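Good morning, colleagues. Please look at the model on the screen while I go through its helices and the confidence assigned to them.

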Amino acid sequence: MIESEHKLIQQAKQGESSAFGVLYDNYHEKIFRFVYFKVSHKEEAEDLTHQVFLNAWKNIRNYKDQNLPFSSWLYRIAKNKVIDYYRLKKNNTSLDSIKDSLHDDYNIELATEEILNLENIRNAIKELNEDQQDVLIMRFIEDLPIKEVATSLGKTESAVKLIQLRAIKKLKNIIKNGTDYITA
Amino acid sequence: MEQIISQLKKLQNIKPNTDYKNKSKLLILETYNQTSFTRFNEIFKFSLALSLTASFLLLIIGGVNYLENSPLPLTITGLNIKTLEAEAKNLKLDITISEIEKYEVNQDNLSIALSQAITDNPIQFESIVLNKETKDVNLNDPVNKDIDNALQKILE
């Protein structure tokens, strides 16, 4: 953990909202993307991300600084929020019905073909199991080091490496063989 | 594999809406004051309830202790038969002693008054007595012993 972040956390623990504001700015996008790829719905992702940071702010006094990155704590809260979200949604909504198009959500300035590719990847990620999803998002979308991913998911570094290897293989197979599924 | 990883990295372009991000941040940071106020309120309520309960308990304990040790009539001794008997005995004794004292004082006063009357002015005494006796005497009753006695005293 960098020194400035440690200082910000201490200030936030003492109730300085501006310090927590800086932490919010640093991590909001990462947490939002993590949640977004898990729920595939912009508004739901926004709500959940809001809840993650609200939860973090309310409980910052309980945060134990163990030389671990602050993001690990945030990812853990986010993961629990997503689990709760699916637990509640399970009885009410089909997951397919809440999938949004990347293009509709974000107007990424890319060629249509590329957007389709990205959407295929996003949908393929949904086919992975929970651990594989988490590792892929954290490692390759958020560029987190293996150590931080391991801390966030409560796993050993070797376990994360193994999950990562299996996730990429599975993703490759899904994209290669699952064109029918993706375009359906 | 490299291709997939590079594709995954492109997903970094997905970013939250800036308006949403700012509003969410403001809302979250505003909750601090509410939270701290709520906590203060809860702590205040709890300590108030605690202090009231403690005061009430102290009042009860203190009251009971006072009633047990107080010599005032608030003590319910009437329920204790032994105490009542002891009180009754003391009361009789008190009355007897006070009566004796009263008799003694009266006797002393009487003897002093008589001796003074005899030594100081017997003539005056005699005339006063006579006048008084004359008024009180019933002359119609010839067998009045009091009159006889009074006359006897004068003659002596």
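In this predicted model, buried residues account for 4% of the 156 residues of chain B. Chain B contains five helices and zero strands, and its pattern along the sequence reads α-α-α-α-α.

I turn now to a helix pair in chain A. Two packed helices are described by the angle between their axes and the distance between the axes. For helix H2 (residues 17-39) of chain A and helix H3 (residues 42-58) of chain A, the axes come within 9 Å and cross at roughly 140 degrees. An angle over 145 degrees would count as roughly antiparallel; H2(A) and H3(A) are therefore oblique to each other. The crossing of H2(A) with H3(A) is right-handed.

Which residues of H2(A) and H3(A) meet? From H2(A), they include Phe20(A), Tyr24(A), His28(A), Ile31(A) and Phe32(A). Among their counterparts in H3(A) are Leu48(A), Val52(A), Phe53(A) and Trp57(A). By class, this contact comprises twelve nonpolar, two polar and one charged residues.

Finally, confidence. Chain A has a mean pLDDT of 83, with 82% of its residues at 70 or more. Where in chain A is confidence highest, and where is it lowest? The highest mean belongs to H3(A), at 93, and the lowest to helix H10 (residues 179-183) of chain A, at 46. Over residues 180-184 of chain A, pLDDT is below 50, and the model gives this stretch three contacts beyond near neighbours in sequence. Residues 94-98 of chain A also stay under 50, with four contacts beyond four places in sequence.

Methods: Residues numbered from 1 in each chain as written. Chains lettered and ligands numbered in written order. Predicted model: local features only at pLDDT ≥ 70, side-chain atom pairs only at ≥ 80, totals over all residues. Helix = DSSP H or I, 4+ residues; strand = E, 2+ residues; numbered from the N terminus. Buried ≥ 20, exposed ≤ 12 C-beta atoms within 10 Å, placed from the backbone. Axes fitted to C-alpha atoms, helices over the stretch in contact; angles between N-to-C directions. Parallel < 35°, antiparallel > 145°, perpendicular 65-115°, else oblique. Left-handed = near helix turned anticlockwise from the far one by under 90°. Contact = placed C-beta atoms within 7 Å. Nonpolar A, V, L, I, M, F, W, Y, C, P; charged D, E, K, R; others polar. pLDDT = per-residue confidence, 0-100.
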